[in-house]
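Welcome! Here is a friendly tour of one protein model, from its overall build to a few of its charged pairs.

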Amino acid sequence: MTFDELERAVAEVGLTVVGAFHPEPDDKAPAGTQMLCLLGPGGPEMWAEFSTAPESRDGDPHPLDRWSRRVIEALARTFDASAWFPFGGPPWQPFQHWAARGEAATQSPVGLQVTRQRGLWASYRGALAFAQRFEIPVSDQSSPCIDCPAPCLTACPVDAFADGQYDVPACIAHTDSLDGEACRAGCLVRAACPFGAGLGLPIAQREFHMTAFRNANR
């Protein structure tokens, strides 16, 4: 297997290899892992695949998580890897740390993780752990926040991210109100980041995640 072959197979199911790294002991990767690849949405392709999948229409809970598990576990079988997920715990896998190692995710001015490739829309559907070591393409690992005017700091209508602390009750109250229609279609703070502007995530995908977040925090 080559890294290019892996990227093509992942793209065929609508996902993207958004980051990869060779783990060190402090990374808390699964035992024996020589390469760990993070999988997530790199554009509108994931939503196009998920929205036509049976999980999106069967009415059972957690449809995107179930779809992610099915397609990523299938990839793991194909490439003799093990599949790991940021959901389904405890125990919880250290995806934020893995994001920092694999996609150079850093803390943004509003406290959320941000990446140069996907801005504040960075998220992860799973990871593949390989017992073999492959060469990983070099990518820009610099922080996107350097010299950025930080439009994220002023994008929230209720200043829910003031002082770097996320006021979840204020966010939920606003998105539930008549004035929160724009926020229900996707977090305005995330949308303000210039580094995620080119992803083209569908409104339906943004609404899905915001609805799930609101339901989980009521």
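What follows is a short briefing, grouped by topic.

This is a predicted model, in which local features need pLDDT of at least 70 and side-chain atom pairs count only at pLDDT 80 or more, while totals for chains, interfaces and linings use all residues. Residues are numbered from 1 along each chain as its sequence is written, and side-chain values use heavy atoms, with hydrogens and water left out.

**The whole protein**

- The protein has eight helices and six strands; helices (H or I, at least four residues) and strands (E, at least two) are DSSP runs, numbered from the N terminus.
- Starting at the N terminus, the order of elements is α-β-β-α-α-β-α-β-β-β-α-α-α-α.
- The radius of gyration is 18 Å, close to the 17 Å that the globule rule gives for 218 residues, so the protein is as compact as a globular protein of that length. This radius is taken over C-alpha atoms, and the globule rule is 2.2 Å times the number of residues to the power 0.38.
- The C-alpha trace spans about 50 × 45 × 30 Å along its principal axes.
- Of the 218 residues, 42% are buried; buried means under 20% relative accessible area, exposed means over 50%, and partly exposed lies in between (1.4 Å probe, protein chains only).

- E6 pairs with strand E2 (residues 35-40) in the antiparallel sense over five bridges; two strands pair if DSSP finds at least two bridges between them. Within this pairing, Cys-37 stands opposite Leu-128.
- Strand E3 (residues 82-84) also runs antiparallel to E6, joined to it by three bridges. Here Ser-82 stands opposite Ala-129.

**Helix H4**

- Which residues are buried in helix H4 (residues 95-102)? They are Phe-95, Trp-98, Ala-99 and Gly-102.
- These residues cover an arc of only 105° around the axis, which puts them on the same side of H4; the arc is that of the directions from the helix axis to the C-beta atoms.
- Their cover includes strand E1 (16-21), E2, E3, strand E5 (113-114) and E6, with contact meaning heavy atoms within 4.5 Å.
- After H4 comes Ala-104, with a positive phi near 55°.

**Salt bridges**

- Side chains of opposite charge can pair when their charged atoms come close.
- A salt bridge is a side-chain nitrogen of Lys or Arg within 4 Å of a carboxyl oxygen of Asp or Glu, and by this rule the count comes to nine.
- Glu-55 and Arg-70 form one of them, at 2.5 Å from N to O. Glu-55 sits in the loop between helix H2 (45-50) and helix H3 (63-78), and Arg-70 in helix H3, 15 residues apart.
- Glu-55 is buried at 8% relative accessible area, whereas Arg-70 is partly exposed at 40%.
- Asp-65 and Arg-125 meet in another, at 2.4 Å from N to O. Asp-65 lies in helix H3 and Arg-125 in the loop between E5 and E6, so the pair ties together parts 60 residues apart in sequence.
- Asp-65 is partly exposed at 21% relative accessible area, while Arg-125 is buried at 9%.
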